[in-house]
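Please look over the sequence and the structure shown here before reading on. The report that comes after them is meant to be read side by side with the model.

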Amino acid sequence: ANWKSRNQEFFPSPTTMSEKVKIASSTHSKGELAAILCDYSSVPLVQYKQLFGGYSGSSYIVELQDQAKYVLKVSNGYSMDHTESMCRTTYYLAARGFKDCCSPIPKIVDDNQKYSFVSSKESKGVPAFLLTFVEGQPADKVMREHPKLAVPVMRSIGDGLGRMHAASALISKEEAEKHSLRWYETDGGCCDVEDHVVGFQF
C-alpha cells in the first residue's frame, strides 16, 4: 500500500507504463528553457542539449553566454513541494561535505520564499530546477560497452553512497524538519529503501 500511495502521488491515476514514459519524455523549446532560467541567472541562454536516460524528468545541458554550463531538470509527475524537498536535501548534504553529485542552484528571484530552488515557470507549471553540471558518462552505458569495468563502476557507486550516508548520518528528524529536508520516516525514502524499512512485500 505504501508504494502504491507514493506512486499515485507522483503519477496521478490511472497510469500505465506507456503513460509514465510519455510523462518523462516531454521536450521544451529554447524559449521555454530561457524563461525558466530567468529564475536563476540574468545571463542569456546560448545553447542547450537534451539528456536521455532518466525516468521521471526531462533534463537539459544548458550553456549560458558566459560559458557556464548547468543541467536544467523538469520534474515531470512531481509536485512543487516534493521537488523542493529533494533539492533542499541535496543542497544540505553538499553543505555537509558530500560533493559527489550535482547540487541544486538557488533561485535569484525571491517570488516565493517557500520555494528556494524550484521554478514554476515551465509552460505547463511543471516543477523545474537548475543543477551544477558534472562531466561524465552514464554508468549503465559504460558497463554495457566495457563489461570488464562493471565491478569498479559498481564499487565506485557503492563508495559514493557510503559517503552520502556518512554526510547524513548525524541529521536528526528535528534537523530535517528545521531545514525542510526529506525524512524517510515521514516523506519516503529513495526508490525501494523506504519499502524495505517498513517491510513492504513485493
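The sections below go from the overall fold to a helix face, the aromatic pairs, the salt bridges and a surface patch.

## Overall architecture

The model is predicted, and its chain is built from eight helices and four strands. Read from the N terminus, the elements follow the order α-α-α-β-β-β-α-β-α-α-α-α.

Of the 202 residues in the chain, 35% are buried. Among the contacts with a separation of 6 or more, 59% are between residues 24 or more positions apart. The chain has an accessible surface of about 12400 Å², and carbon and sulfur atoms account for 57% of that area.

## The buried face of helix 3

Helix 3, which spans residues 30–37, has Leu33, Ile36 and Leu37 as its buried residues. Viewed down the helix axis, these buried residues fall within an arc of 100 degrees, so they line one face of helix 3. The partners against which they pack are strand 1 (45–51), strand 2 (58–64), strand 3 (69–74) and strand 4 (128–132).

Ala34 also belongs to helix 3, but its relative accessibility of 28% places this residue in the partly exposed class. Between Ala34 and Gln47 the C-alpha to C-alpha distance is 9.8 Å, with the two residues 13 apart in sequence.

## Aromatic pairs

How many aromatic pairs does the structure hold? There are two aromatic pairs in the structure. In one of them, Tyr48 and Tyr60 are arranged edge-to-face, with 6.0 Å from centre to centre and 70 degrees between the planes. This pair links distant parts of the chain, since Tyr48 lies in strand 1 and Tyr60 in strand 2, twelve residues apart. Tyr48 counts as partly exposed because its relative accessibility is 33%, whereas Tyr60, at 1% relative accessibility, counts as buried.

The rings of Tyr91 and Phe117 have centres 5.0 Å apart and planes at 55 degrees, so this pair is classed as tilted. Here too distant parts of the chain are linked, with Tyr91 in helix 4 (residues 80–95) and Phe117 in the loop between helix 4 and strand 4, 26 residues apart. Tyr91 is partly exposed at 37% relative accessibility, while Phe117 is buried at 6%.

## Salt bridges

Side chains of opposite charge can pair when their charged atoms come close. In this model the count comes to five salt bridges, and three of them are described here.

The side chains of Asp39 and Lys121 meet in a salt bridge with an N to O distance of 3.0 Å. The pair links distant parts of the chain, as Asp39 lies in the loop between helix 3 and strand 1 and Lys121 in the loop between helix 4 and strand 4, 82 residues apart. Are these residues buried or exposed? Asp39 counts as buried because its relative accessibility is 0%, and Lys121 counts as partly exposed at 37%. Within helix 4, Arg88 forms a salt bridge with Glu84, the closest N and O atoms being 2.9 Å apart, and the two residues are four apart, about one turn of the helix. With relative accessibilities of 18% for Arg88 and 3% for Glu84, each of these residues falls under the 20% cut-off for buried. A further salt bridge joins Asp140 to Arg144, with 3.3 Å between the closest N and O atoms. Both residues lie in helix 5 (residues 139–145), where they are four residues apart, about one turn of the helix. Asp140 is partly exposed, with a relative accessible area of 43%, whereas Arg144, at 60% relative accessibility, counts as exposed.

## A nonpolar surface patch

Which residues make the nonpolar surface patch of about 270 Å²? The patch is made by Met154, Ile157 and Leu161. Leu161 is found in helix 6, which covers residues 150–168, and at 44% relative accessibility this leucine counts as partly exposed.

Terms used. Residues numbered from 1 in each chain as written. Predicted model: local features only at pLDDT ≥ 70, side-chain atom pairs only at ≥ 80, totals over all residues. Heavy atoms only, no water. Buried < 20%, exposed > 50% of the residue type's maximum accessible area, 1.4 Å probe, protein only. Arc of directions from axis to C-beta. Contact = heavy atoms within 4.5 Å. Patch = residues over 30% accessible without salt bridge, like charges linked within 9 Å, V, L, I, M, F, W, Y side chains within 5 Å. Areas by Shrake-Rupley, 256 points an atom, 1.4 Å probe, with all protein chains shown as cover. Salt bridge = Lys/Arg side-chain N within 4 Å of Asp/Glu carboxyl O. Phe/Tyr/Trp six-rings, centres within 6.5 Å; stacked < 30°, edge-to-face > 60°.
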